[in-house]
Structure formats: C-alpha cells, structure tokens
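Welcome! Please look over the sequence and structure below; the briefing that follows takes the parts of the model one topic at a time.

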Amino acid sequence: MSGKEYSGAEIIINSLVDLGVEVIFGYPGGAVLPLYDALFEQDKIRHILVRHEQAAVHAAEGYARSTGKPGVVLVTSGPGATNAVTGLTDAMLDSIPVICLTGQVPVHLIGSDAFQEADTVGITRHCTKHNYLVRDVDILSQTIHEAFYVATSGRPGPVVVDVPKDVQIFTSSTVHKGQVKHRSYRPEVKGDINAIREAVKLLSGAKKPIFYTGGGVINSGPAAAQLLREIVQFTGAPITSTLMGLGAYPASDKQFLGMLGMHGTYEANHAMYDCDVMICVGARFDDRVTGRLDAFSPNSKKIHIDIDRSSINKTVRVDVPIVGDVAHVLEDMLKLWKASVLEKGQQSYDDWWVQIEKWRERDCLKYSQSDDVIMPQYALERLQELTKEKDVYFTTEVGQHQMWAAQFLKFEDPNRWMTSGGLGTMGYGFPAAIGVQIAHPNSLVIDVAGEASIQMNIQELGTAIQYGLPVKIFILNNEYMGMVRQWQEMNHGSRYSQSYSDSLPDFIALAKAYGGHGIVVDKPGDVDGAIKEMMETDGLVIVDCRVEKLANCFPMVPSGAAHNEMILPEEEEIREFEGGAALV
Amino acid sequence: MYHTHKEIEIAARHTFSIIVDNEAGVLARVIGLFSGRGYNIEHLTVAPVDLQGSESRITVVTTGTPHVIEQIQAQLDRLVPVHKVGDLTASGPHIERELALIKVHCQNEKQQAALRIAEAFRAKIVDSSFESYIFEVTGKTDKIRAFIRLMEDVGLVEAVRTGVAALTRGAQPL
Ligand SMILES: Cc1ncc(C[n+]2csc(CCOP(=O)(O)OP(=O)(O)O)c2C)c(N)n1
Ligand SMILES: [Mg+2]
C-alpha cells in the first residue's frame with residue numbers, strides 16, 4: 001500500500017479539514033513550527049492568533065458552546081501547554097468539546113528536560129477527558145479522528161493531542177477515513193426503557209413535580225431543548241435551570257421559575273425543596289445547587305437523566321437513574337407520558353401552582369434604583385430590554401456581575417449564554433466572546449464583565465482588533481472584587497482584605513489604545529444612551545459602567561445553609577452562618 | 001429544622017478487576033483517579049494478560065462505603081481506555097490469591113520453627129544460606145499476613161507481596 005506521503009503536519013491539517021474544522025485558535029512556538037508552516041500553505045482553515053494560550057482555549061469554548069461544534073486549539077510545547085491548562089480545566093468542568101493540539105519536543109528528547117519540555121500528557125491527565133502523546137506518524141491521522149470522537153461524544157470534554165516536533169515532520173501515507181470505532185469507549189445514548197417507564201409512573205402520580213435542568217440539555221443539542229419544551233408544556237409542571245442550562249427553556253414562559261441554587265430565585269429553591277417528584281435533566285447536583293446536602297429536597301423522589309453514569313448518585317441519591325442522552329430519553333419519556341395521560345388523565349397541579357405563585361410574590365430580585373447611582377441590576381435590566389429584539393449572545397466573567405446577569409438577562413434559546421460555571425474562571429468571558437463572534441460575525445456579542453475579571457485576559461483586545469471583531473465589553477465597575485467583598489462582609493466581619501480594585505486603568509483610554517471605542521457612564525439616566533451608543537458603534541466597545549460599589553447579590557443561600565434558607569434583598573441585615581467561613 | 005436522615009454507611013473491602021488497553025499512561029490514569037478523588041488503594045497488581053500484550057488486567061483492592069464503591073466503579077468505567085470494570089466482591093464468589101517472598105534470618109531451633117511453619121503454610125524454600133531462608137508462599141491475603149506475622153518471631157528480615165490477583169468462579173469471564 002503506497003499512497004501519497006504526507007508530513008505529520010499536513011496529516012493533521014488534512015484530518016482537521018476532513019473533520020469539518022473551519023477555525024483554530026492558537027499561538028505559535030518552536031515545537032509547532034512545522035504545523036504553522038502547513039497552515040501557511042493552505043486556505044481551508046482560518047487561524048485566529050490570540051495573545052495568551054488560556055484565551056485560545058476560552059475562545060474555543062465560546063465557539064463550541066455557541067455553535068454545538070467542537071472548538072480547536074493549537075499551542076506550542078512547555079509554556080504554551082501550561083498556559084492552556086486553566087482553559088482545559090474550565091472545559092472539563094463545563095463539559096465543553098475542545099480539541100487542543102500541543103507541540104512537544106522531538107521524541108528522542110522526551111524526558112531529558114529539553115528546552116520548553118513539559119510533561120503535557122502528565123499535567124493534563126486530570127483536566128482532560130482523555131489525552132494522547134503521538135510518537136508515531138503512522139497513527140497520527142487515526143488519533144486526531146479519535147480525539148474528535150472522544151471530545152464530542154458521550155459527555156463532551158477537552159482532549160489533548162501532544163505531537164512531538166519530529167512527528168510533525170516525518171512522513172506517512174496512512175490516512176484515517178470514515179467513522180471511528182473505539183475499542184473500549186462506547187457511550188450509551190438510549191436510556192433503559194424500563195427505567196423511563198418507572199420515571200413516568202412516578203411522575204404521573206406526582207402532585208408537586210419539578211423539572212430541574214442543566215447544561216446537559218444544551219450539550220445534547222437543539223432537539224433536546226425542543227423536546228424539553230414539549231414535555232414541560234405538555235405536563236404543565238414548573239421548571240428551573242442551573243446556571244449552565246439557561247436558555248434551554250424560554251425564560252419568558254410562565255412555567256419557568258428562573259435559575260436555582262446559591263443565587264437562584266426564591267420560588268425555584270422553594271419549589272425544589274418542597275417538590276414531591278424531581279426530574280433532573282442533564283444537571284449534576286452541584287454544591288452551588290444543593291446547598292447543605294442533608295437538607296436538600298428531603299421529601300422528594302428523584303429521577304436523574306444523565307449521559308455520564310458517574311454523575312448519578314455522586315452527591316445526591318436518586319430513586320430512578322436513567323443513563324442516556326437527554327434528547328433520546330426525553331423522546332421516549334414524552335411518548336410514554338402521553339400514553340399514560342390518555343389512560344389515566346392528567347394530574348392537576350393547581351394547588352402546587354398556587355403555592356408557587358405565593359413564593360413568586362416575594363419578588364426576590366427586587367432592588368431599588370435611586371436617581372444618582374446606577375444599580376448593577378438596573379444596568380442589566382436595561383441591557384436586557386434594549387437587546388431583546390437583537391440576535392444577541394452573552395458571555396460573562398466571574399463574580400457578582402455573572403450572577404446578576406444570570407438573574408436579569410432572559411434567555412429564550414439555547415447556545416446564547418456562555419459562562420464559566422464549574423470552574424468559575426475570571427478571564428473567561430472576553431476570550432469566549434471572541435470565539436462566539438468568530439462563529440457569528442454578524443451577531444451582537446456582549447461580555448458582561450467585572451472590572452477585576454476583565455483584567456485577567458485584557459490582552460485579547462489585540463486579538464479582537466486584529467480580526468475586526470465588534471465584541472462589546474460591558475463592565476459593571478464596582479471597584480471591588482465584588483463577590484469576594486460580599487463574602488468578606490458576610491463571613492469575615494467586613495474586613496475587605498485585598499478585594500479593592502486599586503489602580504484601575506482608564507478603560508476608555510485602554511480601548512482607544514488598542515483601536516476600539518470606550519464609553520463611560522455613571523448616571524442612571526445615561527444608561528440607555530450608553531447601551532445604544534455601544535450597539536450603534538461598529539467595532540470593539542468597552543462600556544465602563546460605574547455602579548453602586550457595595551451592592552450585594554441576592555437571593556443568597558449562604559454556604560453551608562439549606563437551599564431554602566435564603567437571604568433576600570429586603571433582609572439586608574446579614575446573618576452569619578456558623579462555619580460559613582470554612583466553606584466554599 | 002434540620003433533616004438529618006444521613007444513612008450510616010459502613011466501609012467494606014472490595015476487589016475490582018479492570019481490563020484496559022495496554023497503552024502508555026493507562027496505569028497513571030487509574031491510579032490518578034483514586035488519588036485525585038480521595039479513594040484508597042490497598043493492593044494493586046497489573047500485567048498484560050493476552051498473548052499480543054494489547055490488554056492488561058488491573059486488580060485493585062480498596063475500601064469504601066457502598067456509595068463510594070459505586071462511584072469508584074462508575075468513575076473507572078468512564079476512563080476512555082477502560083474496557084470493563086468488575087466489582088468482584090459484589091458480583092459473587094471469586095478466588096483471590098497473592099504471592100509473597102519472605103526473607104528470614106534464623107539459626108538453630110528457630111530454623112526448625114521456620115521450616116515447620118513453612119510446611120504448614122505450604123511455603124516453598126526458594127533460597128537458603130547458613131542462616132537464612134527465602135520462602136515463597138501463595139494464598140489469600142489473610143494467610144499471607146498470618147505467615148508474615150509468625151515469621152516475625154522467627155526472624156523476619158523483609159517481605160515482598162505481589163498484591164491480590166483475582167478471578168470470578170465458574171466458566172464465565174468478567
Ligand atoms: C482566576 C480566578 N481567580 C480568583 C477567583 C476568585 N474570585 C471569584 S469572584 C472574584 C471577584 C471578581 O471581581 P469582578 O470581576 O470585579 O466582579 P464582581 O464580583 O465585582 O462583579 C474573585 C477574585 C476566580 N473566580 N477566578
Ligand atoms: Mg467588581
């Protein structure tokens with residue numbers, strides 16, 4: 001068998017083209033020069049040059065989450081790979097399909113502490129779904145295909161392929177074609193029909209059911225979000241969502257109770273606490289959702305749909321586990337449920353809704369806006385109002401602004417909301433917005449930022465300008481690492497140790513320095529104007545929105561409390577929870 | 001009002017059999033999972049088990065509550081190069097053996113004692129000098145422990161154990 005010979009670098013590029021890759025986010029260096037040379041020779045794949053490798057991974061995540069396609073990253077050995085680690089860990093915790101190609105020193109130098117050598121597969125073993133060190137150019141093509149299969153199937157996640165420089169240069173005629181059949185890895189997508197039947201039986205007897213949905217619905221794809229809408233509307237039951245799941249169900253629908261968890265709504269957390277049957281769809285009972293575990297929804301029967309069996313019974317015991325892909329399972333479930341309703345009639349949840357409406361009346365997101373200081377909630381409400389008719393995508397950084405964004409922005413569709421949920425990575429939002437904008441060049445892409453977080457990947461202004469990306473950075477500038485300050489207020493006697501954002505840059509001048517546009521706003525009456533100016537300006541814009549410095553994000557389930565023990569805005573007197581300081 | 005209906009779970013010893021692709025780093029993945037998630041490893045054995053050497057079998061003895069044991073199995077199953085995971089302790093009757101080499105320093109009447117104990121345990125002498133023996137003994141963990149314990153009184157110098165190898169009883173594979 002003597003086909004045409006290709007270099008390892010060409011094999012990688014050809015495999016990526018075969019796999020439908022259109023964009024790579026990367027940064028060059030010695031150990032990937034052959035690959036960059038191969039990129040130079042072709043025009044099928046676009047390379048986006050970031051300013052820091054961490055940003056390359058976040059951009060790939062933004063690209064992936066907003067399109068449903070995997071994101072691809074290319075970085076050099078040693079520092080290139082180690083800089084990517086935070087991004088990989090972020091993708092791991094939020095189950096985002098990312099393929100990260102890393103250069104490595106030549107095979108004969110591995111293990112010798114060569115220049116820019118790092119044990120990349122060793123370092124990334126814990127923060128990837130899987131990783132490969134390819135020592136043989138003959139299996140390179142097959143490995144790239146396998147990496148894509150592993151990253152995108154089952155529970156998605158990041159995969160690293162570490163390619164020594166000589167393997168990029170050696171030639172081979174072995175090229176992989178067609179489907180990957182992995183020897184040991186074969187994720188299940190169909191759920192066990194008997195378990196689904198049992199779930200329907202439980203649900204058809206429920207008087208106070210609730211859907212608790214998460215990022216798994218979005219990862220499963222548009223069909224899952226569609227089926228979720230159908231099944232929720234067919235049953236008439238309430239639904240709440242995790243941070244990662246927002247948009248899978250339309251926020252404007254009256255059955256939607258808003259986000260649940262530490263900064264979730266009063267109605268969502270109470271309904272979760274009081275329900276008699278909980279159906280968890282593609283969520284994982286994260287500690288930000290459950291609060292104190294032994295007090296989590298104590299009287300409910302629990303059904304859990306998850307593609308990852310290890311997520312089931314990990315922290316919360318469930319009664320009906322269903323391992324499978326959300327769309328497949330919901331499809332079967334909807335059929336069985338319809339049949340059950342034909343037979344036994346539909347349960348009425350009227351009493352349940354009466355109760356839920358009472359919780360809703362607490363109006364837990366209430367805040368008061370004065371004439372002279374902008375409340376962060378107000379700024380977000382205006383942002384929501386003025387962008388709702390637009391084709392808009394939101395990303396966030398991490399902190400109070402992120403939680404307010406989750407509370408006040410209203411997502412009607414999946415894939416429109418990109419945030420770092422599991423890892424909580426400051427510096428995620430701006431590069432993620434770059435990835436989103438690359439995938440959706442004509443859409444409005446807004447990074448809701450904090451003045452501290454935005455500085456963690458601020459160098460990406462260069463990337464945005466280079467590629468003419470009109471990303472909008474909307475900074476809720478409270479001059480504090482607000483979320484840290486809030487915890488210090490609650491758990492550490494208001495001793496604001498190192499949480500003041502001192503020596504802030506002039507964000508307007510900074511935007512200008514790179515070639516963008518800056519807007520500063522500090523009066524409530526000017527907020528609308530600033531937002532309109534931001535949207536009407538072509539190209540990159542930073543809005544420095546000066547907000548109330550000491551606002552706290554409520555409702556809040558303090559760390560260590562039960563999930564129905566929320567602090568609400570009007571009870572501003574802050575209770576300290578015993579042991580709260582020791583918890584995360 | 002606090003609800004404290006925490007089930008009191010008792011930790012028990014479980015033996016896992018794991019069939020893996022014999023690729024670089026696979027053992028690090030399995031061990032890393034145990035250390036990263038705070039599970040403990042009491043015994044670990046690993047070697048290729050097919051003629052081509054493409055598959056290895058890892059046996060791990062661990063302790064955990066039923067909840068932890070269920071998680072260990074699910075987490076192992078999720079690793080990409082893992083073909084099959086079996087909890088032998090949960091799946092019924094199975095055989096467990098380990099092999100140990102035990103070096104004993106002894107003279108005169110202690111020598112007689114060493115030989116007597118070795119005979120009772122069906123240990124083989126695999127090395128001897130004027131004043132020492134190395135015994136090879138196989139059996140269940142309890143037996144190996146008992147043997148080492150007795151040899152302490154005789155003059156134990158050092159011991160090495162392979163860790164547990166285990167298979168389910170009957171005709172079926174894992
Ligand atoms: C990389 C990283 N370092 C530290 C933290 C801890 N942390 C969480 S929120 C926060 C403050 C964020 O401040 P800012 O971006 O101004 O947002 P705000 O809370 O004020 O809205 C910090 C330091 C983190 N999440 N990520
Ligand atoms: Mg801030």
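Across the interface of domain 1 and domain 3 of chain A, zero salt bridges are found, a salt bridge being a side-chain nitrogen of Lys or Arg within 4 Å of a carboxyl oxygen of Asp or Glu. This is a predicted model, in which local features need pLDDT of at least 70 and side-chain atom pairs count only at pLDDT 80 or more, while totals for chains, interfaces and linings use all residues; side-chain values use heavy atoms, with hydrogens and water left out. Residues are numbered from 1 along each chain as its sequence is written, and chains are lettered from A and ligands numbered from 1 in the order in which they are written.

**Domains of chain A**

- Chain A is assigned domain 1 (6-172), domain 2 (193-361) and domain 3 (376-553), with bounds that come from an automatic or database domain assignment.
- The centres of domain 1 and domain 3 of chain A, taken over C-alpha atoms, are 29 Å apart.
- Their contact takes 25 residues from domain 1 of chain A and 27 residues from domain 3 of chain A, where contact means heavy atoms within 4.5 Å.
- Together these two domains of chain A bury about 2000 Å², with 60% of it on carbon and sulfur atoms; buried area is the accessible area (1.4 Å probe) that two parts lose on being put together, summed over both.
- On the domain 1 side, A:Arg51, A:Arg65 and A:Ser66 lose the most area to domain 3 of chain A, together 27% of what that side buries.

**Domains of chain B**

- Chain B is divided into domain 1 (12-87) and domain 2 (94-167), and their centres, over C-alpha atoms, lie 28 Å apart.
- Nine residues of domain 1 of chain B touch eleven residues of domain 2 of chain B.
- About 630 Å² is buried between these domains of chain B, and carbon and sulfur atoms give 47% of that area.
- How many salt bridges are counted between domain 1 and domain 2 of chain B? The count is one salt bridge.
- B:Arg13 forms a salt bridge with B:Glu96, with the closest N and O atoms 3.2 Å apart.

**Where the chains meet**

- Chain B brings 26 residues into contact with 24 residues of chain A.
- The two chains bury about 2300 Å² between them, 44% of it on carbon and sulfur atoms.
- Five salt bridges are counted between chain B and chain A, and the count over all chains is 28.
- A:Arg317 pairs with B:Glu9 in a salt bridge, the closest N and O atoms being 3.9 Å apart.
- That pair links A:Arg317, in the loop between strand E13 (301-306) and strand E14 (320-323) of chain A, to B:Glu9, in the segment before strand E1 (12-21) of chain B; helices (H or I, at least four residues) and strands (E, at least two) are DSSP runs, numbered from the N terminus.

**The second largest pocket**

- The second largest pocket holds about 1300 Å³ of space. A pocket is an open set of points on a 1 Å grid over the protein atoms alone where a 1.4 Å probe fits, with protein on both sides within 12 Å along at least five of seven lines, and lining residues have an atom within 4 Å of a point.
- Its lining has 45 residues, and A:Asp308, A:Ser310, B:Gln75, B:Arg78 and B:Leu79 lie nearest the centre of this pocket.
- The elements giving two or more residues to this lining are helix H4 (79-93) of chain A and, from chain B, helix H1 (26-36), helix H2 (66-78) and strand E4 (82-87).
- H2(B) gives the largest share of the lining, five residues.

Notes: Points joined across faces, edges and corners; volume = space filled by probe spheres on them.
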